[in-house]
Amino acid sequence: VSESAAKLPSKILDLMDGFKASKALFVASKLKMFDYLKNKGPLKAVDVANEVGTSVCGTERLLDACVALGLLEKTSQGYSNTDSANIYLTSDGEYSLHGYIIHSNDHLWPLFTNLESAVREGSRQNHRAFGRKAEDLFKDYYHSQEVKQRFMAAMHSIAHLTARDLATAFDLSQFKSTCDLGGCTGALAHELIQIYPNMKVTVFDLPEVIANISYFQPSEQCTAPVTFVSGDFFKDNLPEADLYILSRVLHDWPDEKIHILLSKISAVCKPGSALLVAEIVLDEQKTHPPRAVLQSLSMTEGKQRSGSEYKQLLEKYGFTNTQFKITGTLLDAVLCFKKNLSP
Ligand code: SAM
């Protein structure tokens, strides 16, 4: 490394280019290039262009960019997927992130394009990004079948990827029945049944979501079925369970809504029942990990919290003995127990 290269602010330079790399990944995914290469690779740029229906010169530049980013390999026979592209980037990969990548491109990118206004105004920028003021986060996602399907696919891809780590973060074998509130497609629920075959697992989510779950169910049902119940967790009765789960739910809502939800859960929990919260837990300075801090910039009415903030919040609703499993990956786990009533 030359002396002048050593002085370059490489972190800053990489950040300056970060958006180009993200967009290259998003566009290659949206055009399903990783799918074509998985099924037919290695392929020359002209063959990919013919399959996808894009220009040869544009396709070649995008494929080369994907090679530079370590997503594809290039040999004299053409371009092919890396192993991780096969697993994570194809739409049918074992741990496909395709759904989340499309959500990032179609939903998060327009919101982040308006980040300056979001910071000036301190609010979500739906009106600027999509020409419509969002009444509430989920009404916004579920207003059309297409957007709903895209959002559910995004949630499913992350939930499927993190399900095993979450289900095994603590030994949950003492719980006979579990209710995953806002459990969406049931990705975590299916994993829980695999690991705890005697557990009865219910997913509770909005009717619009429950009506759309069949596409996401495992093709081979080799475990007991998951029960899906539709309802609104702010208004309706919650199913009975020994263990409630809130995975990636609390960070979306303002304090008044969290008060309603945690009061309801606390009221139905018997002493000894438990609540498992899955979120990215911030460090006490609230600047780490970056993934959570960056997610905050989408400016929902909710917020990310530190470990001590979660502990305090849960205690306020009668949950004690709070235990943390900081995974350092996509989601951390927090388990707490409903306090015994004082004699
Ligand atoms: N738990 C899933 C996961 O970790 O992938 C999904 C998380 S997603 C951010 C939030 C979920 O809460 C969505 O499935 C949404 O439909 C559900 N939800 C939002 N408002 C709800 C309500 N009022 N009642 C029930 N479920 C709700």
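This is a predicted model: local features need pLDDT of at least 70, side-chain atom pairs count only at pLDDT 80 or more; totals for chains, interfaces and linings use all residues.
**Exercise 1. Which residues lie closest to the ligand, and how many residues surround the ligand?**

Solution. 
Step 1. The shell around the ligand is made up of 17 residues.
Step 2. The closest of these are Y142, G182, D205, S247 and R248.
Step 3. Sorted by class, the shell holds 10 nonpolar, 3 polar and 4 charged residues.

**Exercise 2. Into which domains is the chain divided, and what distance separates their centres?**

Solution. 
Step 1. Domain 1 covers residues 3-89, and domain 2 covers residues 166-338.
Step 2. Taken over C-alpha atoms, the centres of domain 1 and domain 2 are 36 Å apart.

**Exercise 3. What is the volume of the second largest pocket, and which residues lie nearest its centre?**

Solution. 
Step 1. The volume of the second largest pocket is about 900 Å³.
Step 2. Its lining consists of 30 residues, and S91, A153, H156, Y215 and F216 are those nearest the centre.
Step 3. Helices α7 (98-113), α11 (145-167) and α12 (187-195) each contribute at least two residues to this lining.
Step 4. The largest share, 8 residues, is supplied by α11.
Step 5. By class, the lining comprises 8 nonpolar, 15 polar and 7 charged residues.

**Exercise 4. Where in the chain is P42 found, and where is P289 found? Describe the peptide bond that joins G41 and P42 and the one from H288 to P289.**

Solution. 
Step 1. P42 belongs to the loop between α3 (33-40) and α4 (45-52).
Step 2. The bond joining G41 and P42 is cis, with omega about 0 degrees.
Step 3. P289 belongs to the loop between β7 (274-279) and α15 (290-295).
Step 4. The peptide bond from H288 to P289 is cis, and its omega is near 0 degrees.

**Exercise 5. What is the phi value of R248, and what is that of K286? Locate each residue.**

Solution. 
Step 1. R248, a residue other than glycine, has a positive phi near 55 degrees.
Step 2. R248 sits in the loop between β6 (243-247) and α14 (255-268), and it is one of the residues closest to the ligand.
Step 3. K286 is not a glycine, yet its phi is positive, at about 60 degrees.
Step 4. K286 lies in the loop between β7 and α15, and P289 is also found in the loop between β7 and α15.

Technical notes. Residues are numbered from 1 along each chain as its sequence is written. Side-chain values use heavy atoms; hydrogens and water are left out. A residue is near a molecule or strand if one of its heavy atoms lies within 4 Å of it. Ala, Val, Leu, Ile, Met, Phe, Trp, Tyr, Cys and Pro count as nonpolar, Asp, Glu, Lys and Arg as charged, and the others, Gly among them, as polar. Domain bounds come from an automatic or database domain assignment. On a 1 Å grid over the protein atoms alone, a cavity is a set of points where a 1.4 Å probe fits but cannot get out, and a pocket is an open set with protein on both sides within 12 Å along at least five of seven lines; lining residues have an atom within 4 Å of a point. Grid points are joined across faces, edges and corners, and a volume is the space filled by probe spheres set on the points. Helices (H or I, at least four residues) and strands (E, at least two) are DSSP runs, numbered from the N terminus.
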